[in-house]
Amino acid sequence: MARFKQIPQDYLYKKLLTHWGNVVKNYKNDCRDDDFFDVVRNCFDHDKGVELIEAAYSPAELAEMAKVRARNCRLDLSDPLDDIFCALWNNEGARDKCRVVLDTVREYMEAECGPGTEDIVARRFDELVRVLKLNELEAELLVFAYVRDQTCFSWPVRVEDREKPLYYAMALDRSYDEVVKAMSPQGKLLKLGLLDSDYDFSRRTLGGFMDGTSDETIERRFYSKSEGKDILPWEFFGDLSTKDGEVLKRMVTASGGKCNILLYGAPGTGKTSFARSLAKELGRTAWEIRQGDEDGRNMKSEARMMGIQVCNGQGDPATSLMIVDEADELLRGSSGGFSLFGLFGFDTGGKSTEKGVMNSILDEMKIPAVWISNAPAGAMDESVRRRFDYSICFERLTGAQRVSIWRNQVAKHGLEALVPESKMEEYAARYETSAGGISTVLANVKRMAPAPDKVDELVATLMKPHCKLMGVKDANTFLPAKDYSLDGLNIRGKVSLERLVKAARNYLDAGFSAASEDKPRMNILLYGPPGTGKTEFVKYLGKELDRKVVVMRGSDILSKWVGESEQNIVRAFRQAEAEHAILFFDEVDGLLQDRTHAARSWEITQVNELLQQMENFDGIMVAATNFSKNLDPATMRRFTFKLEFGYLDDAGKKAFFERMFKTKLSDEECAELRLLRNVAPGDFRTVRQEMFYLGEDATNAERIAALKEECAVKKDGDKSRAIGFAA
C-alpha cells in the first residue's frame, strides 16, 4: 500500500474502497486473514479508529473481548488497526457493530479523498471499454481485477480459483449467476484474455497502457494501418493478378464482410507484397496485425489473436482489409494446451494454437482478411484449412520472376547506371534469393556507392553471406571442374556419354512438346558407387546444353507433414519446367524406394507422385543413386536412358592420374596403379587436395600410396570383379 499512497490515484482508491466496502457488507464468516483490513491500517488514522470503536462498544464489551484467548479474537486497542478489526470481526457477537464501524471508516476515507480529478487509469479503462465493447458488468469485473492486482486489497480468507466468481460477486454486490456467466470461457473477459486462467488481471496483458507510461492507443498496440510505402504495382504479379487476383477482387467485393483468404508457400515469394497490392487495387484500407511490441520483441500468439479480434470489431467491412502476416503459429493446428491468457508475454518458439480457438476466430470474422503463412498446407489442421474461401500457394521464385524483382528494385534505388539489364539477368540466374534479399543488397550498394567496375565485386561480397545465412544455393557452384573431361570414365550402358549429350540436345531442339507416336521423354538414370562421376557429369551436361540445373535432394522434398512431400515433388517439376532447366534428383533412392518394402502409406504415395511427374514432364530429368537395387521396379521403364558409372578400369586410372596430377607415369608406376581396386574419379580429387594443402611437392609414389589408402577405407567395394587386375 506504500506505493499506492506515494502515487495518488483517485480512481483506483475510490474503487478500492467501494469493492472493499461491499465485501464488508456481504461477507458473513470469520476473517482468517488480517490482511483484509490493511486498507484501514494503511489509510486511516489509528487514534481516530480507536475513537470510533470506543464509541460503538461499551467498556464491558471491550473488556470481555480483551479476555479472549484465541489469537484472532483477542482485542488489544494498542495493536495496529488491522489486528484490532480482525479481533472485533471474529467475535461473532460483535461483528454487526464492527461492520457498522468499518462502513463509517470507509465513509471518512472517501470524504478525505475529495472530488478529485479523473486520472490516467480512468481514461484508459474508458478506452478499453469503448474499443473492446465491454458491457457494464464486464467493465466492473475488469476494474476490480485491476484493483486487486494494483492495491492492497485482500480477501478475508484464502480463496480457491474455482471460488473466485463468488467473491467477485460479493465485491461488486452483484448476483452470483450473472458474474459466473460473464467470467465463463465464452465471455469476453476470458476470450480476449483480459483475465487469466486464475481469474486474475495479468500484469503483462496491456503493458504500459493502463498506467499511462505508453501513449499508444489500445488499437495501435495490436494493429496498424499499412502506410502504403513500397507497394508494388498490381501488374507486377503477372498471372497472379490476372487470374487469382481477379477472382479475389470479385470475392472480397461481393462478400459484404467475412472473407478469409490464405496465401501460403515458400518464404520470400512476395505474399505480403501481394496482399498490400490487393488492398490498394480494391481501394481498401489495409490493417496489419502487429507481430511485435514497441521494444521489438515477438508477440505471443495469444496477443496477436486479441489484436485480430479487436481489429475485427473496429474495422469497416466495406472499406477494410485485414492482413495477418507470419500467421504460421496461429494456423498450425494442435489438439490442446492453448489458452488465450497472459497476452503480452513474448516468445520466439514454434508453438501452435488449439484448432477450436482458431476455427472460432475464422468463423466470427466480420471483415475480409488475408492470412499469410510460410508453413506448408499439411501443417494446418484440415478443419482450419476448409474455412478459407480462397487460397494461393506461392511457389519458389522462378528466374523470370527474380529478373523482374531485380529490375523493380534497381529502379526503386535509382541504380540503373550501375546495374544494367544484362547484369540483372546474370544476378537473377546466379543468386536464387528472395525479394527481401535483393532489396537489402541493393540498398547497401546504393549507400556504399561503388565505382561502376566494382559493382560486381560488391554484389558478390554482399550476396555471399546472405545466401549462406538463408541457405540459398549459388548457381555458379554447380559447374564442372575446370579440367573436367569425359575421357577415362567407366560407363556401362547402351550409349556413350557423348551420344547421351547429343540425344539431350536433340530433344531440346525438337521442343518439349514434339509430335510423335509416343510422348517424348528425357529421363536419365545414373547409378553406381559414390565418387564415380555421376554428379560431375550432370554439371557438365548443364554447361554443354547451356541450361540451369535445379538440384533436389531428399532434404528438399521430404516433409513431416502429410501430403507435403508429394506437393514438393510437384513444385520441383513445375520450377524446372518454368525455367526450362534440367531437374536433377541426387540420391533419388530415398524418393523412389521399392514400394513392396514400404511400411507407411506415404512412402507409396510419394513414389506414385514422382513416377507420374516423370511420365508427364516436358524437360530433362536426371536421377542419380548409389543403390540402384533399392529403386522401385516400375521406375526403370520411366527412364529413357540408364547408365552405370563403374569404378575406373586400367586405362581410366592412368588417364585420370596423369590429367589430375599433370604428370606422366612410368611402366612400374602404371603396374602399381593397376593393382589398386575400386578406384573412382573422386579419389583423385581428394588426393590432389590433400597434396595441395600439405604444401609439398609430391611424388607419384606418394600419390599412389594416398590413392591406396582412399580405396582401403571404402565399405562398398565392387567384389564381383577385380578391376584393373592383370590377367
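A crossing of two helices is called left-handed if the near helix is turned anticlockwise from the far one by less than a right angle, and right-handed if clockwise. Keep that in mind for the first stop, and note that this is a predicted model, in which local features need pLDDT of at least 70, side-chain atom pairs count only at pLDDT 80 or more, and totals for chains, interfaces and linings use all residues. Residues are numbered from 1 along each chain as its sequence is written, and side-chain values use heavy atoms, with hydrogens and water left out.

**First stop: α4 and α7**

Select residues 46-56, helix α4, together with residues 95-113, helix α7, whose axes come within 10 Å and cross at roughly 140°; the crossing is right-handed. Helices here are DSSP runs (H or I, at least four residues), numbered from the N terminus, and axes are lines fitted to C-alpha atoms over the stretch in contact, with angles from 0 to 180 degrees between N-to-C directions. Now show the side chains of Lys48, Leu52, Ile53 and Ala56 on α4, and of Lys97, Val101, Thr104, Val105 and Tyr108 on α7, which make the contact (heavy atoms within 4.5 Å). These residues divide into 6 nonpolar, 1 polar and 2 charged, where Ala, Val, Leu, Ile, Met, Phe, Trp, Tyr, Cys and Pro count as nonpolar, Asp, Glu, Lys and Arg as charged, and the others, Gly among them, as polar.

**Second stop: Asp96 and Arg99**

Asp96 is exposed at 56% relative accessible area, whereas Arg99 is buried at 16% (buried is under 20%, exposed over 50%, partly exposed in between, with a 1.4 Å probe and protein chains only).

Next, select Glu536 and Arg685, a salt bridge whose closest N and O atoms are 3.7 Å apart. Because Glu536 lies in helix α24 (residues 534-545) and Arg685 in helix α30 (residues 681-694), the pair ties together parts that are 149 residues apart in sequence. Glu536 is buried, at 14%, and Arg685 partly exposed, at 30%.

**Last stop: Lys654 and Glu658**

Finally, select Lys654 and Glu658, whose salt bridge has its closest N and O atoms 3.1 Å apart. Both lie in helix α28 (residues 650-661), 4 residues apart, about one turn of the helix.

Definitions and conventions:
Helix = DSSP H or I, 4+ residues; strand = E, 2+ residues; numbered from the N terminus. Salt bridge = Lys/Arg side-chain N within 4 Å of Asp/Glu carboxyl O.
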